[in-house]
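Try each task before you read its solution.

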Amino acid sequence: MSDSSCEIIIPRPAKKKVNPSESENKDRFSNLSECVILHIMSFLNAKDAVRTCVLSTRWKDLWKHIPTLILHSRDFRSVKIFTEFVSKILSVRNSYIELQSLDFKYDLCHLVWDFKDYPDYPHHLEPHVLEKIVNYAISHHVQRLGLSVTSGIAQILPSLYHTQTLTHLKLSIYNSGIDREQISFDLTALRCPENLFPKYFNLPSLTSLQLGNFTFCVGDNDCAEPFSIFKRLNSLVISDCIVKGTETLCISSATLVNLTVYNNLKQYYKIELCTPNICTFTFGGTPYQTISGSDISSLKHVDLHAEVVPYSRAPPLLLFCWLLEFANIKSLTVTATTLQVLSLIRGLLKFCIHSLGNLKLLRVEIDKIQYGFRSTLCDVKLQNVQSKKEAARIQKAFELELEPSPPVPDGIVAFLLQNSPSAEVDFVDCTKKPLRPRQL
(Lines give C-alpha, C1' and ligand atoms only; values in the text may rest on other atoms or scores of the structure.)
Protein backbone atom coordinates (compact mmCIF):
# COMPACT_ATOMS: atom_id res chain seq x y z
CA MET A 1 0.00 0.00 0.00
CA SER A 2 1.38 3.34 -0.95
CA ASP A 3 1.73 6.07 1.56
CA SER A 4 0.29 9.36 0.37
CA SER A 5 2.98 11.16 2.33
CA CYS A 6 5.56 9.56 0.04
CA GLU A 7 3.95 10.74 -3.18
CA ILE A 8 6.16 12.92 -5.30
CA ILE A 9 4.56 16.21 -6.24
CA ILE A 10 5.90 17.76 -9.45
CA PRO A 11 5.31 21.48 -9.44
CA ARG A 12 3.75 23.05 -12.53
CA PRO A 13 6.01 25.34 -14.48
CA ALA A 14 5.41 28.96 -13.65
CA LYS A 15 3.53 30.94 -16.31
CA LYS A 16 5.58 33.57 -17.99
CA LYS A 17 4.17 36.99 -17.27
CA VAL A 18 3.20 38.84 -20.41
CA ASN A 19 3.29 42.56 -20.57
CA PRO A 20 -0.19 43.59 -21.85
CA SER A 21 1.18 46.52 -23.79
CA GLU A 22 3.82 44.29 -25.40
CA SER A 23 1.14 41.78 -26.47
CA GLU A 24 -1.07 44.46 -27.97
CA ASN A 25 1.77 46.06 -29.92
CA LYS A 26 3.15 42.83 -31.37
CA ASP A 27 3.35 42.96 -35.16
CA ARG A 28 1.57 39.78 -36.20
CA PHE A 29 1.59 40.78 -39.88
CA SER A 30 5.36 40.34 -39.99
CA ASN A 31 4.93 36.60 -39.54
CA LEU A 32 2.55 36.26 -42.48
CA SER A 33 3.72 35.18 -45.88
CA GLU A 34 3.92 37.78 -48.61
CA CYS A 35 1.11 36.21 -50.65
CA VAL A 36 -1.23 36.44 -47.64
CA ILE A 37 -0.30 40.08 -47.03
CA LEU A 38 -0.89 40.93 -50.70
CA HIS A 39 -4.28 39.24 -50.55
CA ILE A 40 -5.25 41.35 -47.53
CA MET A 41 -3.97 44.52 -49.18
CA SER A 42 -6.00 43.79 -52.32
CA PHE A 43 -9.13 44.85 -50.38
CA LEU A 44 -7.70 48.34 -49.74
CA ASN A 45 -8.22 51.28 -52.03
CA ALA A 46 -5.04 52.26 -53.84
CA LYS A 47 -4.45 55.33 -51.69
CA ASP A 48 -4.41 53.32 -48.44
CA ALA A 49 -2.38 50.54 -50.06
CA VAL A 50 0.36 53.02 -50.99
CA ARG A 51 0.37 54.39 -47.43
CA THR A 52 1.53 51.01 -46.10
CA CYS A 53 5.00 51.73 -47.52
CA VAL A 54 5.88 53.71 -44.37
CA LEU A 55 5.35 50.74 -42.01
CA SER A 56 8.78 49.15 -42.49
CA THR A 57 11.39 48.36 -45.13
CA ARG A 58 9.56 45.11 -45.90
CA TRP A 59 6.40 47.04 -46.78
CA LYS A 60 8.14 49.69 -48.86
CA ASP A 61 7.35 48.16 -52.26
CA LEU A 62 4.69 45.57 -51.42
CA TRP A 63 1.84 47.72 -52.75
CA LYS A 64 3.43 47.62 -56.21
CA HIS A 65 2.71 43.87 -56.41
CA ILE A 66 -1.00 43.93 -55.49
CA PRO A 67 -3.08 42.19 -58.19
CA THR A 68 -5.99 44.64 -57.76
CA LEU A 69 -6.40 48.38 -58.14
CA ILE A 70 -9.24 50.34 -56.49
CA LEU A 71 -9.16 53.94 -57.71
CA HIS A 72 -12.03 56.06 -56.37
CA SER A 73 -12.09 59.84 -56.62
CA ARG A 74 -13.89 60.09 -53.27
CA ASP A 75 -10.57 59.28 -51.59
CA PHE A 76 -9.10 62.56 -52.84
CA ARG A 77 -9.92 66.19 -52.17
CA SER A 78 -9.44 67.45 -55.72
CA VAL A 79 -9.66 66.32 -59.34
CA LYS A 80 -6.10 67.43 -59.95
CA ILE A 81 -4.64 65.34 -57.12
CA PHE A 82 -6.72 62.32 -58.12
CA THR A 83 -5.68 62.30 -61.78
CA GLU A 84 -2.03 62.84 -60.88
CA PHE A 85 -2.19 59.94 -58.41
CA VAL A 86 -3.75 57.63 -61.01
CA SER A 87 -1.09 58.47 -63.58
CA LYS A 88 1.70 57.96 -61.05
CA ILE A 89 0.48 54.63 -59.69
CA LEU A 90 0.14 53.15 -63.17
CA SER A 91 3.69 54.14 -64.02
CA VAL A 92 5.39 52.75 -60.88
CA ARG A 93 3.34 49.57 -60.31
CA ASN A 94 5.21 46.33 -61.08
CA SER A 95 4.41 45.78 -64.76
CA TYR A 96 5.15 42.02 -64.52
CA ILE A 97 2.21 41.42 -62.17
CA GLU A 98 -1.02 40.57 -63.98
CA LEU A 99 -4.01 42.65 -63.00
CA GLN A 100 -6.87 40.54 -61.69
CA SER A 101 -9.21 43.43 -60.93
CA LEU A 102 -9.44 47.17 -61.56
CA ASP A 103 -12.24 49.28 -60.12
CA PHE A 104 -12.22 52.90 -61.26
CA LYS A 105 -14.83 55.40 -60.07
CA TYR A 106 -14.91 59.10 -60.83
CA ASP A 107 -17.70 61.28 -59.44
CA LEU A 108 -18.00 65.03 -58.97
CA CYS A 109 -20.56 65.02 -56.17
CA HIS A 110 -17.97 64.91 -53.38
CA LEU A 111 -15.59 67.38 -55.07
CA VAL A 112 -17.76 70.50 -54.92
CA TRP A 113 -15.13 72.59 -53.20
CA ASP A 114 -12.56 71.57 -55.76
CA PHE A 115 -14.29 73.86 -58.28
CA LYS A 116 -13.44 76.87 -56.10
CA ASP A 117 -9.93 75.67 -55.16
CA TYR A 118 -8.87 74.98 -58.75
CA PRO A 119 -10.97 77.27 -60.99
CA ASP A 120 -8.70 76.85 -64.02
CA TYR A 121 -8.33 73.07 -63.82
CA PRO A 122 -10.69 70.90 -65.96
CA HIS A 123 -13.31 69.33 -63.72
CA HIS A 124 -14.39 66.58 -66.08
CA LEU A 125 -12.25 63.50 -66.55
CA GLU A 126 -9.89 64.00 -69.46
CA PRO A 127 -10.44 61.30 -72.14
CA HIS A 128 -6.77 60.36 -72.22
CA VAL A 129 -6.86 59.48 -68.50
CA LEU A 130 -9.67 56.94 -68.93
CA GLU A 131 -8.06 55.64 -72.12
CA LYS A 132 -4.77 55.14 -70.30
CA ILE A 133 -6.49 53.21 -67.51
CA VAL A 134 -8.33 50.89 -69.91
CA ASN A 135 -5.26 50.24 -72.04
CA TYR A 136 -3.25 49.46 -68.92
CA ALA A 137 -5.90 47.02 -67.72
CA ILE A 138 -6.10 45.23 -71.07
CA SER A 139 -2.32 44.98 -71.46
CA HIS A 140 -2.13 43.38 -67.99
CA HIS A 141 -4.81 40.78 -68.81
CA VAL A 142 -7.45 42.16 -66.47
CA GLN A 143 -10.23 39.75 -65.48
CA ARG A 144 -12.56 42.08 -63.55
CA LEU A 145 -13.03 45.65 -64.77
CA GLY A 146 -15.29 48.30 -63.25
CA LEU A 147 -15.65 51.79 -64.72
CA SER A 148 -18.03 54.31 -63.12
CA VAL A 149 -17.67 57.77 -64.63
CA THR A 150 -19.67 60.83 -65.68
CA SER A 151 -18.53 60.74 -69.32
CA GLY A 152 -16.06 59.25 -71.76
CA ILE A 153 -17.29 55.65 -71.81
CA ALA A 154 -18.20 55.71 -75.51
CA GLN A 155 -14.63 56.60 -76.51
CA ILE A 156 -13.03 53.65 -74.74
CA LEU A 157 -15.57 50.92 -75.54
CA PRO A 158 -13.88 49.93 -78.84
CA SER A 159 -10.76 49.05 -76.86
CA LEU A 160 -12.75 46.40 -74.99
CA TYR A 161 -14.47 44.79 -77.98
CA HIS A 162 -12.27 41.70 -78.20
CA THR A 163 -10.69 41.44 -74.76
CA GLN A 164 -10.04 37.74 -74.23
CA THR A 165 -9.45 37.63 -70.47
CA LEU A 166 -12.33 39.78 -69.21
CA THR A 167 -14.82 37.76 -67.14
CA HIS A 168 -16.55 40.53 -65.12
CA LEU A 169 -17.41 43.95 -66.52
CA LYS A 170 -19.18 46.89 -64.84
CA LEU A 171 -19.89 50.05 -66.83
CA SER A 172 -21.81 52.86 -65.17
CA ILE A 173 -22.41 56.43 -66.26
CA TYR A 174 -24.06 58.82 -63.85
CA ASN A 175 -24.67 62.51 -63.30
CA SER A 176 -22.73 64.35 -60.65
CA GLY A 177 -25.78 65.02 -58.48
CA ILE A 178 -24.44 68.41 -57.39
CA ASP A 179 -27.07 70.94 -56.39
CA ARG A 180 -26.82 73.92 -58.72
CA GLU A 181 -27.94 76.32 -56.00
CA GLN A 182 -24.98 75.37 -53.82
CA ILE A 183 -22.40 76.49 -56.37
CA SER A 184 -22.10 79.53 -58.58
CA PHE A 185 -21.62 78.10 -62.06
CA ASP A 186 -23.57 76.10 -64.58
CA LEU A 187 -23.05 72.33 -64.84
CA THR A 188 -24.93 71.95 -68.12
CA ALA A 189 -21.72 71.14 -69.96
CA LEU A 190 -21.05 68.28 -67.54
CA ARG A 191 -24.30 66.45 -68.24
CA CYS A 192 -23.93 62.99 -69.77
CA PRO A 193 -24.72 62.60 -73.46
CA GLU A 194 -26.78 59.64 -74.62
CA ASN A 195 -24.72 56.53 -73.96
CA LEU A 196 -25.46 53.96 -76.63
CA PHE A 197 -24.58 50.38 -75.82
CA PRO A 198 -22.72 48.88 -78.80
CA LYS A 199 -24.47 46.22 -80.86
CA TYR A 200 -21.27 44.27 -81.42
CA PHE A 201 -19.36 43.69 -78.22
CA ASN A 202 -17.56 40.35 -78.44
CA LEU A 203 -16.17 39.35 -75.04
CA PRO A 204 -15.74 35.55 -75.26
CA SER A 205 -14.93 34.99 -71.57
CA LEU A 206 -17.52 37.34 -70.06
CA THR A 207 -19.71 35.76 -67.36
CA SER A 208 -20.90 38.83 -65.41
CA LEU A 209 -22.11 42.17 -66.82
CA GLN A 210 -23.36 45.28 -64.99
CA LEU A 211 -24.64 48.31 -66.91
CA GLY A 212 -25.84 51.66 -65.58
CA ASN A 213 -27.54 54.46 -67.56
CA PHE A 214 -27.11 52.99 -71.05
CA THR A 215 -29.40 53.20 -74.06
CA PHE A 216 -30.21 50.05 -76.04
CA CYS A 217 -31.08 50.62 -79.71
CA VAL A 218 -33.45 48.72 -81.95
CA GLY A 219 -31.98 45.79 -83.87
CA ASP A 220 -32.86 43.90 -87.02
CA ASN A 221 -35.89 42.17 -85.47
CA ASP A 222 -37.58 45.41 -84.34
CA CYS A 223 -36.47 45.00 -80.73
CA ALA A 224 -33.35 45.78 -78.73
CA GLU A 225 -31.42 42.57 -78.15
CA PRO A 226 -27.97 43.54 -76.83
CA PHE A 227 -26.94 40.46 -74.86
CA SER A 228 -27.33 37.48 -77.20
CA ILE A 229 -23.73 37.86 -78.37
CA PHE A 230 -22.37 36.90 -74.92
CA LYS A 231 -22.18 33.10 -75.02
CA ARG A 232 -21.08 32.56 -71.40
CA LEU A 233 -23.09 35.23 -69.59
CA ASN A 234 -24.23 34.03 -66.18
CA SER A 235 -25.16 37.22 -64.29
CA LEU A 236 -26.67 40.45 -65.67
CA VAL A 237 -27.45 43.71 -63.83
CA ILE A 238 -29.03 46.66 -65.66
CA SER A 239 -29.68 49.92 -63.84
CA ASP A 240 -31.70 52.88 -65.18
CA CYS A 241 -31.26 51.77 -68.79
CA ILE A 242 -33.67 52.75 -71.57
CA VAL A 243 -34.53 51.54 -75.07
CA LYS A 244 -34.60 53.65 -78.23
CA GLY A 245 -36.50 53.11 -81.46
CA THR A 246 -38.56 50.23 -80.09
CA GLU A 247 -40.80 49.27 -77.18
CA THR A 248 -39.19 45.91 -76.46
CA LEU A 249 -35.96 44.98 -74.71
CA CYS A 250 -35.24 41.32 -75.40
CA ILE A 251 -32.92 39.67 -72.89
CA SER A 252 -31.87 36.58 -74.80
CA SER A 253 -29.29 34.25 -73.28
CA ALA A 254 -29.15 30.48 -72.99
CA THR A 255 -26.64 30.69 -70.13
CA LEU A 256 -28.09 33.51 -67.99
CA VAL A 257 -28.90 32.41 -64.43
CA ASN A 258 -29.20 35.66 -62.42
CA LEU A 259 -30.96 38.83 -63.63
CA THR A 260 -31.19 42.09 -61.66
CA VAL A 261 -33.04 45.21 -62.79
CA TYR A 262 -32.95 48.59 -61.02
CA ASN A 263 -35.20 51.30 -62.42
CA ASN A 264 -35.98 54.86 -61.36
CA LEU A 265 -36.75 56.24 -64.82
CA LYS A 266 -40.24 56.82 -66.15
CA GLN A 267 -40.09 55.00 -69.48
CA TYR A 268 -42.57 52.31 -70.41
CA TYR A 269 -41.29 49.34 -72.37
CA LYS A 270 -41.56 45.58 -72.46
CA ILE A 271 -38.89 43.23 -71.15
CA GLU A 272 -39.05 39.95 -73.01
CA LEU A 273 -37.13 37.13 -71.36
CA CYS A 274 -35.69 34.40 -73.57
CA THR A 275 -33.70 32.82 -70.77
CA PRO A 276 -34.38 29.08 -70.41
CA ASN A 277 -31.91 28.69 -67.51
CA ILE A 278 -32.76 31.75 -65.43
CA CYS A 279 -32.98 30.95 -61.73
CA THR A 280 -33.23 34.28 -59.87
CA PHE A 281 -34.78 37.66 -60.69
CA THR A 282 -34.26 40.77 -58.53
CA PHE A 283 -35.92 44.15 -58.99
CA GLY A 284 -35.49 47.47 -57.22
CA GLY A 285 -37.12 50.82 -57.93
CA THR A 286 -40.32 51.78 -59.75
CA PRO A 287 -41.83 49.16 -62.10
CA TYR A 288 -42.57 50.98 -65.35
CA GLN A 289 -41.99 47.91 -67.54
CA THR A 290 -44.00 44.83 -68.39
CA ILE A 291 -42.29 41.45 -68.14
CA SER A 292 -43.05 38.39 -70.20
CA GLY A 293 -41.17 35.20 -70.86
CA SER A 294 -41.53 32.54 -73.52
CA ASP A 295 -39.54 30.12 -71.38
CA ILE A 296 -38.91 31.09 -67.76
CA SER A 297 -40.09 27.88 -66.14
CA SER A 298 -36.64 27.54 -64.54
CA LEU A 299 -37.18 30.77 -62.54
CA LYS A 300 -37.25 29.77 -58.86
CA HIS A 301 -36.38 32.85 -56.76
CA VAL A 302 -37.80 36.39 -57.06
CA ASP A 303 -36.79 39.41 -54.95
CA LEU A 304 -38.93 42.57 -55.27
CA HIS A 305 -38.03 45.94 -53.73
CA ALA A 306 -40.58 48.12 -55.51
CA GLU A 307 -41.39 51.76 -54.88
CA VAL A 308 -43.52 54.39 -56.59
CA VAL A 309 -43.33 58.13 -56.86
CA PRO A 310 -46.40 60.06 -55.68
CA TYR A 311 -49.50 59.81 -57.85
CA SER A 312 -48.15 57.04 -60.09
CA ARG A 313 -50.99 54.75 -61.16
CA ALA A 314 -49.46 52.33 -63.66
CA PRO A 315 -46.63 50.77 -61.56
CA PRO A 316 -48.93 48.92 -59.09
CA LEU A 317 -50.80 47.27 -61.97
CA LEU A 318 -47.57 46.36 -63.75
CA LEU A 319 -46.20 44.88 -60.53
CA PHE A 320 -49.35 42.77 -60.19
CA CYS A 321 -48.91 41.54 -63.77
CA TRP A 322 -45.38 40.43 -62.90
CA LEU A 323 -46.74 38.13 -60.22
CA LEU A 324 -48.91 36.45 -62.84
CA GLU A 325 -45.77 35.57 -64.83
CA PHE A 326 -44.00 33.93 -61.87
CA ALA A 327 -45.83 30.63 -62.13
CA ASN A 328 -43.20 28.19 -60.87
CA ILE A 329 -41.14 30.15 -58.36
CA LYS A 330 -40.36 28.53 -55.03
CA SER A 331 -39.36 31.59 -53.01
CA LEU A 332 -40.56 35.20 -53.09
CA THR A 333 -38.96 38.05 -51.16
CA VAL A 334 -40.89 41.33 -50.95
CA THR A 335 -40.54 44.47 -48.88
CA ALA A 336 -43.40 45.98 -46.92
CA THR A 337 -43.19 48.92 -49.33
CA THR A 338 -43.72 46.53 -52.24
CA LEU A 339 -46.86 45.19 -50.59
CA GLN A 340 -48.09 48.73 -50.00
CA VAL A 341 -47.59 49.40 -53.73
CA LEU A 342 -49.79 46.41 -54.53
CA SER A 343 -52.38 47.61 -52.04
CA LEU A 344 -52.94 50.72 -54.17
CA ILE A 345 -54.87 48.52 -56.62
CA ARG A 346 -58.53 48.87 -55.71
CA GLY A 347 -60.23 45.57 -54.97
CA LEU A 348 -56.94 43.67 -55.15
CA LEU A 349 -57.94 41.10 -52.52
CA LYS A 350 -60.97 40.08 -54.59
CA PHE A 351 -58.80 38.90 -57.48
CA CYS A 352 -57.92 35.23 -57.97
CA ILE A 353 -54.37 34.66 -59.14
CA HIS A 354 -53.35 31.47 -60.89
CA SER A 355 -49.63 31.76 -60.20
CA LEU A 356 -47.38 31.19 -57.16
CA GLY A 357 -48.75 27.66 -56.85
CA ASN A 358 -45.33 26.14 -56.13
CA LEU A 359 -44.29 28.72 -53.53
CA LYS A 360 -42.44 27.27 -50.53
CA LEU A 361 -41.22 30.46 -48.84
CA LEU A 362 -42.57 34.01 -48.65
CA ARG A 363 -40.10 36.40 -47.03
CA VAL A 364 -41.41 39.83 -46.05
CA GLU A 365 -38.80 42.47 -45.21
CA ILE A 366 -40.22 45.24 -43.04
CA ASP A 367 -38.49 48.35 -44.39
CA LYS A 368 -38.90 52.04 -43.70
CA ILE A 369 -41.46 53.55 -46.05
CA GLN A 370 -40.15 56.83 -47.47
CA TYR A 371 -41.91 60.17 -47.01
CA GLY A 372 -43.11 60.60 -50.60
CA PHE A 373 -44.74 57.20 -50.75
CA ARG A 374 -46.23 57.59 -47.26
CA SER A 375 -47.84 60.78 -48.52
CA THR A 376 -49.35 58.86 -51.44
CA LEU A 377 -50.74 56.20 -49.11
CA CYS A 378 -52.17 58.88 -46.84
CA ASP A 379 -53.93 60.54 -49.79
CA VAL A 380 -55.43 57.22 -50.86
CA LYS A 381 -56.78 56.59 -47.36
CA LEU A 382 -58.20 60.10 -47.11
CA GLN A 383 -60.14 59.55 -50.33
CA ASN A 384 -61.91 56.57 -48.80
CA VAL A 385 -62.83 57.92 -45.35
CA GLN A 386 -66.37 59.06 -44.61
CA SER A 387 -65.89 61.28 -41.56
CA LYS A 388 -63.81 64.34 -40.78
CA LYS A 389 -62.75 62.77 -37.48
CA GLU A 390 -61.26 59.75 -39.21
CA ALA A 391 -59.56 62.00 -41.78
CA ALA A 392 -58.00 64.06 -38.98
CA ARG A 393 -56.77 60.88 -37.27
CA ILE A 394 -55.10 59.66 -40.47
CA GLN A 395 -53.51 63.07 -41.13
CA LYS A 396 -52.16 63.22 -37.57
CA ALA A 397 -50.79 59.69 -37.80
CA PHE A 398 -49.04 60.59 -41.06
CA GLU A 399 -47.39 63.62 -39.46
CA LEU A 400 -46.16 61.43 -36.59
CA GLU A 401 -44.86 58.82 -39.10
CA LEU A 402 -47.29 56.25 -37.71
CA GLU A 403 -48.85 55.67 -41.10
CA PRO A 404 -49.11 53.27 -42.77
CA SER A 405 -50.21 51.04 -39.94
CA PRO A 406 -49.75 48.14 -40.05
CA PRO A 407 -46.71 48.25 -42.39
CA VAL A 408 -47.96 45.09 -44.11
CA PRO A 409 -51.51 45.68 -45.44
CA ASP A 410 -54.16 43.41 -43.94
CA GLY A 411 -55.00 40.37 -46.01
CA ILE A 412 -52.27 40.77 -48.61
CA VAL A 413 -50.10 37.90 -47.37
CA ALA A 414 -53.07 35.54 -47.58
CA PHE A 415 -53.77 36.93 -51.04
CA LEU A 416 -50.28 35.98 -52.23
CA LEU A 417 -50.56 32.51 -50.67
CA GLN A 418 -54.01 31.62 -51.99
CA ASN A 419 -52.50 28.91 -54.24
CA SER A 420 -49.84 27.80 -51.76
CA PRO A 421 -51.37 28.07 -48.25
CA SER A 422 -48.76 25.76 -46.72
CA ALA A 423 -45.81 27.95 -47.73
CA GLU A 424 -43.59 29.22 -44.92
CA VAL A 425 -43.85 32.93 -44.15
CA ASP A 426 -40.82 34.74 -42.72
CA PHE A 427 -41.06 38.34 -41.46
CA VAL A 428 -37.73 40.19 -41.13
CA ASP A 429 -37.33 43.63 -39.55
CA CYS A 430 -34.95 45.63 -41.74
CA THR A 431 -35.68 49.05 -40.25
CA LYS A 432 -32.64 48.90 -37.96
CA LYS A 433 -30.11 47.85 -40.54
CA PRO A 434 -29.08 49.43 -43.85
CA LEU A 435 -31.00 48.36 -46.93
CA ARG A 436 -29.23 46.61 -49.74
CA PRO A 437 -27.91 48.86 -52.50
CA ARG A 438 -30.44 49.80 -55.16
CA GLN A 439 -28.10 50.94 -57.93
CA LEU A 440 -24.65 50.49 -59.35
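**Exercise 1.** At what angle do helix 4 and helix 6 pack, and how far apart are their axes?

*Solution.* Bear in mind that this is a predicted model. Start by finding the two elements: helix 4 covers residues 79-92 and helix 6 covers residues 127-139. Their axes lie 11 Å apart, at an angle of about 25°. Angles under 35 degrees count as roughly parallel, so helix 4 is roughly parallel to helix 6. As for the hand of the crossing, it's left-handed.

Next, look at who does the touching. Helix 4 brings Val 86, Ser 87 and Leu 90, while helix 6 brings Lys 132, Ile 133 and Tyr 136. Sort the residues of this contact by class and you get four nonpolar, one polar and one charged.

**Exercise 2.** Now move on to helix 7. Work out how helix 6 and helix 7 cross, and which residues meet there.

*Solution.* Helix 7 spans residues 153-160. Its axis and that of helix 6 come within 10 Å, crossing at roughly 20°. That makes helix 6 roughly parallel to helix 7. The crossing of this pair is right-handed, whereas helix 4 and helix 6 cross in a left-handed way.

On the helix 6 side, pick out Leu 130, Glu 131, Val 134, Asn 135 and Ile 138. They meet Ile 153, Ile 156, Ser 159 and Leu 160 of helix 7. Grouped by class, the contact of helix 6 with helix 7 has six nonpolar residues, two polar and one charged.

**Exercise 3.** Find Ser 331 and decide: is Ser 331 buried or exposed?

*Solution.* Go to strand 15, residues 331-335, where Ser 331 sits. Its relative accessible area is 15%. Buried means under 20%, so Ser 331 counts as buried. To see what surrounds Ser 331, leave out residues up to four places away in sequence. You're left with contacts to Lys 300, His 301, Val 302, Leu 359 and Leu 361.

**Exercise 4.** Zoom out: how many helices and strands does the protein have, and what share of its residues counts as buried?

*Solution.* Count the elements and you reach 12 helices and 17 strands. Of the 440 residues, 45% count as buried.

Conventions: Residues are numbered from 1 along each chain as its sequence is written. This is a predicted model: local features need pLDDT of at least 70, side-chain atom pairs count only at pLDDT 80 or more; totals for chains, interfaces and linings use all residues. Side-chain values use heavy atoms; hydrogens and water are left out. Helices (H or I, at least four residues) and strands (E, at least two) are DSSP runs, numbered from the N terminus. Buried means under 20% relative accessible area, exposed over 50%, partly exposed in between (1.4 Å probe, protein chains only). Axes are lines fitted to C-alpha atoms, for helices over the stretch in contact, and angles run from 0 to 180 degrees between N-to-C directions. Angles under 35 degrees count as roughly parallel, over 145 as roughly antiparallel, 65 to 115 as roughly perpendicular and the rest as oblique. A crossing is left-handed if the near helix is turned anticlockwise from the far one by less than a right angle, and right-handed if clockwise. Contact means heavy atoms within 4.5 Å. Ala, Val, Leu, Ile, Met, Phe, Trp, Tyr, Cys and Pro count as nonpolar, Asp, Glu, Lys and Arg as charged, and the others, Gly among them, as polar.
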